[in-house]
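Come along and check each entry with me.

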Amino acid sequence: GGRLAVISFHSLEDRIVKRAFLRAAGRPTPDQEHLTYGDGKYDFLDALEAAAVGVLVTRKPLTAAPDEVAVNARSRSAKLRVLQRK
């Protein structure tokens, strides 16, 4: 499968990318976290896993190294997230 890499420069953009990647990887988003407790949690988690189309390559976003930020100040807000198709 292919890989999808997204660079976001703002926190709101990153939140959208993060949640989309979590859904694509078959993991609960923060809005769905309450569904992972109590009765029916296994049904919910199984449905999420069955709907997964990819795997998260980077659990946390990659950010610029301090030496890159020193050379390019705009890079400090950039975050890279990667999803690989199953």
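In which helix does Arg 19 lie? I looked it up, and Arg 19 lies in helix H1.

**Ground rules**

I am working with a predicted model, where local features need pLDDT of at least 70, side-chain atom pairs count only at pLDDT 80 or more, and totals for chains, interfaces and linings use all residues. Residues are numbered from 1 along each chain as its sequence is written, and side-chain values use heavy atoms, with hydrogens and water left out.

**Overall picture**

I began with the secondary structure and found three helices and four strands. Here helices (H or I, at least four residues) and strands (E, at least two) are DSSP runs, numbered from the N terminus. Reading from the N terminus on, I wrote down the order β-α-α-β-β-α-β.

Next I noted the dimensions. The C-alpha trace spans about 50 × 30 × 15 Å along its principal axes. The radius of gyration is 16 Å, while a compact globule of 86 residues would have one near 12 Å. That radius is taken over C-alpha atoms, and the globule rule is 2.2 Å times the number of residues to the power 0.38.

I then looked at burial: 24% of the 86 residues count as buried.

**Entry: Arg 19**

Back to Arg 19 in helix H1. Is Arg 19 buried, partly exposed or exposed? Arg 19 counts as partly exposed because its relative accessible area is 24%. Leaving aside neighbours within four places in sequence, I found Arg 19 in contact with Thr 29, Pro 30 and Asp 31. I also checked a distance: Arg 19 and Ala 52 are 33 residues apart along the chain, and their C-alpha atoms are separated by 13 Å.

Why does Asp 14 count as buried? Asp 14 counts as buried because its relative accessibility is 8%. Not counting residues up to four places away in sequence, Asp 14 touches Ser 8, Lys 79 and Arg 81.

Ser 11 is also found in helix H1. I marked Ser 11 as exposed, since its relative accessible area is 60%. From Ser 11 to Val 69, 58 residues along the chain, the C-alpha atoms are 18 Å apart.

**Entry: the nonpolar core**

Which residues make up the largest nonpolar core? I listed five: Val 17, Phe 21, Ala 24, Ala 25 and Leu 83. Helix H1 (residues 11-24) gives the largest share of this core, three residues. A nonpolar core here is a set of buried Ala, Val, Leu, Ile, Met, Phe, Trp, Tyr and Cys residues joined through side-chain atoms within 4.5 Å.

**Entry: Ala 5**

I found Ala 5 in strand E1 (residues 3-8). Ala 5 counts as exposed because its relative accessible area is 51%. Setting aside neighbours within four places in sequence, Ala 5 is in contact with Leu 80, Arg 81 and Val 82. Ala 5 and Pro 61 are 56 residues apart along the chain, with their C-alpha atoms separated by 11 Å.

**Entry: Ala 64**

Where is Ala 64 placed? I located Ala 64 in the loop between strand E3 (62-63) and helix H3 (66-71). Ala 64 is partly exposed, because its relative accessible area is 28%. Beyond its neighbours within four places in sequence, Ala 64 is in contact with Val 69, Ser 75 and Ala 78.

Technical notes
Buried < 20%, exposed > 50% of the residue type's maximum accessible area, 1.4 Å probe, protein only. Contact = heavy atoms within 4.5 Å.
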